[in-house]
Amino acid sequence: MRRDLHRIPETAFEEFKTSEYVAVRLEAMHPDRLEIYLGTGVKAVFLAPGARRTVAIRADMDALPVSEQTGLPFASEHPGRMHACGHDGHMAIALLTAQIVSAARSRLDTNYVFLFQPAEETTGGAAPLLEAGALQDPSPEALYGLHLWPFIEEGMLGLRSGPLMAGVREVDIRILGRSCHGARPQDGTDAIVAGAQLIGAIQTIVSRSVDPEQAALFTVGRVEGGSARNIICGELRLEGTVRAYSAEVQALIARRTGELLKGLETMYGVRTEMTEAASYPPVVNPEELFARVERCFAPDEWVTPDRVMISEDFSFYQQVMPAFFAFLGTGSSSWHEPLHSSRFSFDERVLETGVEYYLRVTGFPQDEAS
């Protein structure tokens, strides 16, 4: 299944072949309900007789706009697109888990919901899925997800309570001055000079306004403006990313940025605009769920991973229900490539560990699992 899916990578909300493949596989398992959301999202429900509770498992589906260079015999058949972030593995793990659940459901006391989510990489499919009611009827008491992770030893689980992945705010800033000839700067208002001041001042927000015990960053990654070397720039556009492990720190950085922009207007006579291009909350694992997950594994089966400044829209689920996110190690001497690399791959044996993870944390009977 992983190899089938790896061959047909599709980007956000265009996962039509992927969705069809997943739906056909699930349909063969005879779920009690099989539903499509947002065009490509797939939900399968397996009801157990006399069920006392409901649990859910989420797998993301989309690929990246990357040209594959792995040389694998099952490499991407879609030019310029690749499963370079392991979502093919995530779907294969969830599908096999669903197959095991389906075969045993008459002997289970738990309902299972499997949610295959589009658009994790870019626009974020989690929030619109929630708005569409994809995790209602039945409503799970807990949701579980995982991500293949090359920074942990192959086959090990990465389990952490509290903040695991950063929240992100993508911000666009416009600085509006007045253009004029470079020989007569007094006739204009230079947006580039004001922008240069702003970029430097932004660096002081984290270093002087954020508690040093709270990790955060504000990166301006793109600047665009000006028309010619001898023309005073009338408009400058900046694109940046703000990342932190708490919503409070994100709000602080947003407030301080607004204050800097007001000061910039006074100092340089420019006008400024700031808009939010995208925003994800931080991934924060509830302590109660962590304690439950931790009890499912021996000490030598998991490690405590470092927190990372990468974001994940799994965090939207955590805003409305108990939800736990884990890492599944793929690090080895055979593959050194990071996520999103055109050469990223992994030893497929780790997928079995992913299935075992889901079976244990959802309370699947161990005699059935064996």
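The protein chain has 10 helices and 16 strands. Both come from DSSP runs, numbered from the N terminus: helices are H or I with at least four residues, strands are E with at least two. Please keep in mind that this is a predicted model, where local features need pLDDT of at least 70, side-chain atom pairs count only at pLDDT 80 or more, and totals for chains, interfaces and linings use all residues. Residues are numbered from 1 along each chain as its sequence is written, and side-chain values use heavy atoms, with hydrogens and water left out.

Let's start with the whole chain. Along its principal axes, the C-alpha trace spans about 80 × 45 × 40 Å. Of the 370 residues, 51% are buried; buried means under 20% relative accessible area, exposed means over 50%, and partly exposed is in between, using a 1.4 Å probe and protein chains only. Contact means heavy atoms within 4.5 Å. Among contacts with a separation of 6 or more, 80% are between residues 24 or more positions apart.

Now to helix α6, residues 247-268. Its 22 residues reach 32 Å from the first C-alpha to the last, close to the 32 Å expected at 1.5 Å a residue; that expected span is 1.5 Å times one less than the number of residues. Which residues of α6 are buried? They are V249, Q250, I253, T257, L260, L261 and L264. These cover an arc of only 120° around the axis, which puts them on the same side of α6; the arc is that of the directions from the helix axis to the C-beta atoms. Here is a handy general point: an α-helix has 3.6 residues a turn, so residues three or four places apart point the same way. On the face turned away from the buried side, α6 carries the exposed residues E248, K262 and T266. The cover over its buried residues includes β8, α5, β10, β12 and β13. Just after α6, G269 takes a positive phi of about 70°.

One of those covering elements is α5, residues 191-209. Its buried residues are A191, A194, G195, L198, A201, I202 and I205, and they pack against β8, β10, β12 and α6.

Let's zoom in on strand β8, where R169 is found. Is R169 buried or exposed? At 12% relative accessibility, R169 counts as buried. Its side chain joins that of E276 through a polar contact of 2.8 Å. A polar contact is a pair of N or O atoms within 3.5 Å; within protein, one must be able to donate a hydrogen and the other to accept it, and residues adjacent in sequence count only if both atoms are side-chain atoms. Leaving aside neighbours within four places in sequence, R169 also has contacts that include Q250 and A254.

Finally, the open sheet. Its 8 strands run in the order β1-β2-β4-β3-β5-β16-β6-β15, with mixed pairing; two strands pair if DSSP finds at least two bridges between them. Strands β1 and β15 stand at the edges, each with a single partner strand, so one side of each is left without a neighbour in the sheet. Further in, β5 and β16 pair in the parallel sense over 8 bridges, and Y144 has F324 as its bridge partner in β16.
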